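Dear colleague,

I am passing on the structure below, followed by notes on what was found in it. Please read the notes with the coordinates open beside you.

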Amino acid sequence: MKLWKMNTGRPWAALLLALALITVAGCGQAGNESEPEGKAVEEITLKVASLIPPMTDVLEMVKPALQEEGILLEVVILSDNIQPNHALANKEVDANFFQHAPYMEDYNKNNDAELVSVQPIYNAVYGAYSKRYDSIEELPEGAVIAVPNDPSNIGRSLVMLEQHGMIKLKEGVGIQATVGDVVDNPKGYEFEEVDLLMLARTLDDVDLVTMTPAYAKPLGLTPKKDALITEGKDSEFAITLVAREDNKDSEAIQKLAQVMTGPDVRAFFEENYAEIAIPAF
């Protein structure tokens, strides 16, 4: 009988200890059900089309912050100012970053597209540049002025010239103006319409070129230092993050907009592009 008590007492103690350990382990597992150990954050890819700095600089800069959110940002650099909108409309990319809202609206109208502005990022100081003259007053009669050939930027250029008393436009046309809307041209300026990406190359061949600082900067030109005239600050023309109607509210697009308007991006513009770009957020 004594031997039986000693042998059975030890198995019961071991059993009780095992049960206690199972209970503790079970509680620990229940507390971690939502985040299993070692499970990686699911990563998604977000494709954004762009063209040139500083747009591409900003996108590269925000990649690490997005990756922390599980978003792999793929910057798709295209070669002209038509492809980014075609790619977005055709769902080849998820967003683009290269244009202002009037340009986007003109594309929508002509292509039955549903692109939408998500977030203005910066105002690019628009100006007119010349290699032949040091002031706008020196511009001679009959001078050839190169302007972008897309409707929104033609209007933008003509309005800037009107603001400086060089021409007069038909009343009410505003940024929808075309060369045909010039009703007073006292010096007989000639207008040459040029593809946006080719404008900088015409600087040697014409008397004056109107363009954004993104295209002037590669030539070593900045609005504050080199432009003969500049437009007034106009948020209508802020370079904007653009998406589609069907994805504008997606979590990935909204997170992209959030990091593109963060303090690091503001500091980036102020430190690197203060002469050509003003944050629009």
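**Notes on the fold**

The secondary structure of the protein comes to nine helices and 13 strands, where helices (H or I, at least four residues) and strands (E, at least two) are DSSP runs numbered from the N terminus. This is a predicted model, in which local features need pLDDT of at least 70 and side-chain atom pairs count only at pLDDT 80 or more, while totals for chains, interfaces and linings use all residues. Residues are numbered from 1 along each chain as its sequence is written, and side-chain values use heavy atoms, with hydrogens and water left out.

Of the 281 residues in the protein, 44% are buried (under 20% relative accessible area, with a 1.4 Å probe and protein chains only). Among contacts (heavy atoms within 4.5 Å) between residues at least 6 apart in sequence, 75% join residues at least 24 apart.

Five strands, in the order S9-S6-S10-S5-S11, form an open sheet with mixed pairing; two strands are taken to pair if DSSP finds at least two bridges between them. Strands S9 (190-194) and S11 (229-230) stand at the edges with a single partner strand each, so one side of each is left without a neighbour in the sheet. Strand S6 (residues 144-148) pairs with S9 in the parallel sense over five bridges, and Pro148 stands opposite Val194 in S9.

Helix H5 (residues 151-163) packs on this sheet, touching S5 (127-129), S6, S9, S10 (208-211) and S11, and its direction makes about 135° with that of S6 (axes are lines fitted to C-alpha atoms, for helices over the stretch in contact, and angles run from 0 to 180 degrees between N-to-C directions). Ten of the 13 residues of H5 are buried, so the helix is largely enclosed by the rest of the structure; among them are Ile154, Leu158 and Leu161. H5 is followed by Gly165, whose phi is positive, near 75°.

**The nonpolar cores**

A nonpolar core here is a set of buried Ala, Val, Leu, Ile, Met, Phe, Trp, Tyr and Cys residues joined through side-chain atoms within 4.5 Å. The largest has 30 residues, of which Phe97, Tyr122 and Met260 touch the most other members. Elements that give two or more residues to this core include strand S3 (95-100), strand S4 (115-124) and helix H8 (251-260). Not counting residues up to four places away in sequence, Phe97 touches residues including Val48, Leu59, Tyr122, Leu241 and Met260. Apart from this core lies another, of 27 residues, among them Leu88, Phe98, Ala146 and Ala227.

With best wishes

Definitions and conventions. Buried means under 20% relative accessible area, exposed over 50%, partly exposed in between (1.4 Å probe, protein chains only).
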